[in-house]
Amino acid sequence: MTWDPLAVPAQDGRTAVITGGNAGIGYHVAEQLARAGARVVLAGRSAERTRTALDALRAAVPDAWATDVRLDLADLVSVRRAAEQLAAAGPVDLLVNNAGVTASGKRAETAQGFELMFGTNHLGHFALTLLLTPAMSPEARVVSLGSLTHSRARLDFDDLQSRSGYRSMAVYGRSKLAVLLFAAELDRRLRAEGRTVTSVAAHPGWAVQGLTPARPPLWQPGPLAAVRSAPLAVLAQGKDRGAWSVVRAATDPDALGGQYFGPRGAGSLKGWPTVQVAAESAHDRAAAARLWAVSEDLTGVRWEG
């Protein structure tokens, strides 16, 4: 089908949970889904930032149905608590695993002692998804957020916590490769059990805050923001357009389980969303199965289907 990111299919009556929905791409995913009629739940760590995001969302989409839940993906206790609250509230139709920690230069750890990016970007979402799967509607969809950096990454199962030779960008890429391996393995398991829930993935290309339209009080660019960011527009786009691929993955009625969406422009950095092919490493079934087993052991969360 010809996809128009400005005309998202109606999502009336569907409940969408967006991790990290209180900032950046996650916020714009929530806004675009709310504009299409979805009930959106912003899952984030900070109550203050989430309230600010809800104010911005309701200003942009006055008739939006929006609420929030506390979720810290770097703490499995918080993940379990949030999953219980979300499951109790009713069926989940869309789970957008968007939140993540980006390269910070210095190794850090989660509450349970996992390397922060691997523990947050992959293990936190792994646990949340498995805990919520029993509460998903029959036609639910899980969207996992990848990154172009996965193509240069390789998993080291002897050092998944990156304790030796730490390089933050490389570790970030590995965490995103883990996300894509999980998304593919999740879809295989769902289909093997005859479930109609689907798992897909997406990446935003190169999305920068300086090219993002104002959403007060959440984001109000300064007077020089447009000037400073203008040179980037040749290759990059704003967070609002970076959300397009994620929203297509979440709402395209023709999307198939296991598909991967990203911008169609040169280098897949910007542009309207299209179906793409992840790197060969993201299609390694043996690595995906091994990662799944290790992730169950690390998180203590088991697949119930």
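Let me start with His125, which touches Thr19, Leu73, Asn97, Asn98, Ala99, Thr120 and Phe182, leaving out residues up to four places away in sequence, where contact means heavy atoms within 4.5 Å. His125 is found in helix H4, and helices here are DSSP runs of H or I with at least four residues, strands being runs of E with at least two, numbered from the N terminus. With a relative accessible area of 3%, His125 is buried, and by that I mean under 20% relative accessible area, while exposed is over 50% and partly exposed lies in between, with a 1.4 Å probe and protein chains only.

Before I go on, please keep in mind that this is a predicted model, in which local features need pLDDT of at least 70 and side-chain atom pairs count only at pLDDT 80 or more, whereas totals for chains, interfaces and linings use all residues. Residues are numbered from 1 along each chain as its sequence is written, and side-chain values use heavy atoms, with hydrogens and water left out.

In soluble globular proteins, nonpolar side chains tend to be buried together.

If we look at Leu95 itself and set aside its neighbours within four places in sequence, its contacts are Val17, Leu128, Thr129, Leu132, Met136, Arg141, Val142 and Val143. Val17, in turn, has Val41 as its bridge partner in E2. Strand E1 (residues 15–19) and E2 run parallel and are joined by 5 bridges, two strands being paired if DSSP finds at least two bridges between them. Because 5 of the 6 residues of E2 are buried, this strand is largely enclosed by the rest of the structure.

Let me turn to some backbone details in the loops. Ser162, in the loop between E5 and H5, has a phi near 50 degrees, which is a positive value in a residue other than glycine, and Ser162 is buried at a relative accessible area of 1%. Ser268, in the loop between strand E9 (260–263) and strand E10 (273–276), has a positive phi as well, near 60 degrees, and at 10% relative accessibility Ser268 counts as buried. There is also a cis peptide bond between Pro216 and Pro217, with omega about 0 degrees, and Pro217 lies in the loop between strand E7 (207–208) and H6.

I will finish with Asp75, which sits in the loop between strand E3 (65–70) and H3. Is Asp75 buried or partly exposed? With a relative accessible area of 22%, Asp75 is partly exposed. Not counting residues up to four places away in sequence, Asp75 touches Ala111 and Gln112, and the C-alpha atoms of Asp75 and Leu123, which are 48 residues apart along the chain, are separated by 9.8 Å.
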